[in-house]
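Subject: Structure handover

Hi,

Here is the structure I promised to pass on. Please open it alongside these notes.

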Amino acid sequence: MCGIVGVYCDDDSFTSRIAYYALFSLQHRGQESAGISISGEDFKVYKGMGLVNEVFDDKTLSRLRGNSAIGHVRYSTTGESKLENAQPLFVKSKSGSISVAHNGNLVNYRELRRELESDGRVFLTDSDTEVIAHLLSSYLLKNEIEEALALLTEKLCGSFTLALLLNHMVVGYRDPMGFKPLCVGKLENGYILASESCAIDSVGGELVRDVKPGEAVIIEDGELRFERIAESNQKAICVFEYIYFARPDSIIDGRSVYSVRFDIGRTLAKENPVEVDIISPVPDSGTTSSIGYAYESGIPYIEALIKNRYVGRTFIMPGQRSRELSVQLKMNALKENVRGRKVLLIDDSIVRGTTSRRIVDLVRKAGAKEVHFRVGSPPIISPCYFGIDMSTREELIASSKTVEDIRKAINADSLAYLSLKGLIKSVRIDEEDLCLACLTSDYPVEVPGEICLRCSARA
Ligand code: 5GP
Ligand code: MG
């Protein structure tokens, strides 16, 4: 989970600001660190821990001058949360200055790193992105960017959507499976690449189109071109972007995230009706599907919970031991809306089940007569190796418990999930083009210790 951007702008005093605003609108994709690399008279990298507006101020942005830039917001999956793992990563080699911003996760990171280390390469971070930077810099010694990306693609296994700054050139690349999104926008005086189209909107740009899996977009001397790098016979577009991760005002691979979530809500209502007085989202991730559920069922949408909008990252109060209190700080129940009523709560997903339990209890304590729960995705049963933060099977409540056991664990009067069929119908992308591994345990590429039906079909 990360957000990446690339910018080319004719006005070299404006480039870093465009990158900044674009990153700001991708803040939901990562809150641990933020950074910008820019190429002008010289090559600069500025990054820090924290939110975009904590890392950059006006003075810093004014000093970052140049026509070409890339940027990154990080949510770590491989490598700890610390400054040296912040991106963009920068390496200087015979082929010039190279900066890398990566969204994804490499499955064969350890092997590749060992291989490079035995070649005498020195690593400064424990993030898989450094492997990409090393490989790329050696391929670029003897090859043009297109060929270098093709060689890189042969070497890497996993998900890798990239924004690269190679001297003055801005490059976007999406791996052939297309796990993570990337799209291109036109600015009045330049171009922008971003993980999500909401970033293009936020800087007044116009969405040109999504970068296709296996395709690169190259901006050189102010000119933009698309290049096919690798064949994409097997796509694996991450379904969790639509379920939870992306902003609802983004369009990913031609599908509006809002309309997918709205349809998820409608489908959920058809599949799992329930007699209740009000429908309320678990804010904010359950909002759009709740509106869809209310629309389909005709039951009123009335909020049971209000979220403190300044709670972004999970914060820990000094000396605060009670987890109960931490949910109360984030969320408050509206007693007058729930008292004596049958309430249906809808959330996008249940991962560990701990938050859901506390929220159900909160609504009960506020006087609800019954609290039912519907989930806008099928049960999450398997870990993600491609960049979503669900790392071990043990922490996923649905990996070992039945729906009835989960219902008891979260203390709901009834619980139902969206079916897999219903999800695919709502996303409206062919099932074989999606990565559904967290819901099915069938992985799109070989992962040690996991099942890959596509791999056995290919063999
Ligand atoms: P649980 O009840 O499983 O503890 O929490 C479910 C909540 O976690 C849902 O509201 C869902 O939106 C949220 N969620 C799902 N995936 C992620 C994730 O990767 N990171 C964070 N921070 N929240 C997530
Ligand atoms: Mg949530």
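This is a predicted model: local features need pLDDT of at least 70, side-chain atom pairs count only at pLDDT 80 or more; totals for chains, interfaces and linings use all residues.

Residues are numbered from 1 along each chain as its sequence is written, chains are lettered from A and ligands numbered from 1 in the order in which they are written, and side-chain values use heavy atoms, with hydrogens and water left out.

Domains

The domain assignment gives domain 1 (3–232) and domain 2 (256–440); such bounds come from an automatic or database assignment. Their C-alpha centres are 33 Å apart. Domain 1 puts 13 residues into the contact and domain 2 puts in seven (contact: heavy atoms within 4.5 Å). About 790 Å² is buried between the domains, with 60% of it from carbon and sulfur atoms. That area is the accessible area (1.4 Å probe) that the two parts lose on being put together, summed over both. Zero salt bridges are counted between the domains (a salt bridge: a side-chain nitrogen of Lys or Arg within 4 Å of a carboxyl oxygen of Asp or Glu). Three residue pairs are in polar contact across the interface, both residues at pLDDT 80 or more. A polar contact is a pair of N or O atoms within 3.5 Å; within protein, one must be able to donate a hydrogen and the other to accept it, and residues adjacent in sequence count only if both atoms are side-chain atoms. On the domain 1 side, strand 6 (96–106) and strand 7 (158–166) are the elements giving two or more residues. Helices (H or I, at least four residues) and strands (E, at least two) are DSSP runs, numbered from the N terminus.

Helices

Helix 1 (residues 15–25) is largely enclosed by the rest of the structure, because nine of its eleven residues are buried. Buried means under 20% relative accessible area, exposed over 50%, partly exposed in between (1.4 Å probe, protein chains only). Among the buried residues of helix 1 are R17, I18 and L23.

In helix 10 (residues 287–297), the buried residues are T288, S289, S290, G292, Y293 and A294. They pack against helix 9 (257–271), strand 17 (278–281), strand 20 (342–347) and strand 21 (370–375). G298 follows helix 10 and has a positive phi, near 80°.

Salt bridges

The structure holds 25 salt bridges. R74 and E32 form one, at 3.8 Å, N to O. This pair links distant parts of the chain, 42 residues apart: R74 is in strand 4 (residues 68–74), E32 in the loop between helix 1 and strand 2 (33–39). R74 is buried at 3% relative accessibility; E32 is partly exposed at 22%.

R113 pairs with E117, with the closest N and O atoms 3.0 Å apart. The two are about one helical turn apart, because they sit four residues apart in helix 4 (residues 109–118). E215 and R209 also form a salt bridge, with the closest N and O atoms 2.9 Å apart. E215 is buried at 6%. A network of salt bridges links E146, E220, R225 and E227.

Two single residues

P300 lies in the loop between helix 10 and strand 18 (305–307). P300 is partly exposed, at 40% relative accessibility. Beyond its neighbours within four places in sequence, P300 contacts D277, I278 and I279.

E370 lies in strand 21 and is partly exposed, at 24%.

Best wishes
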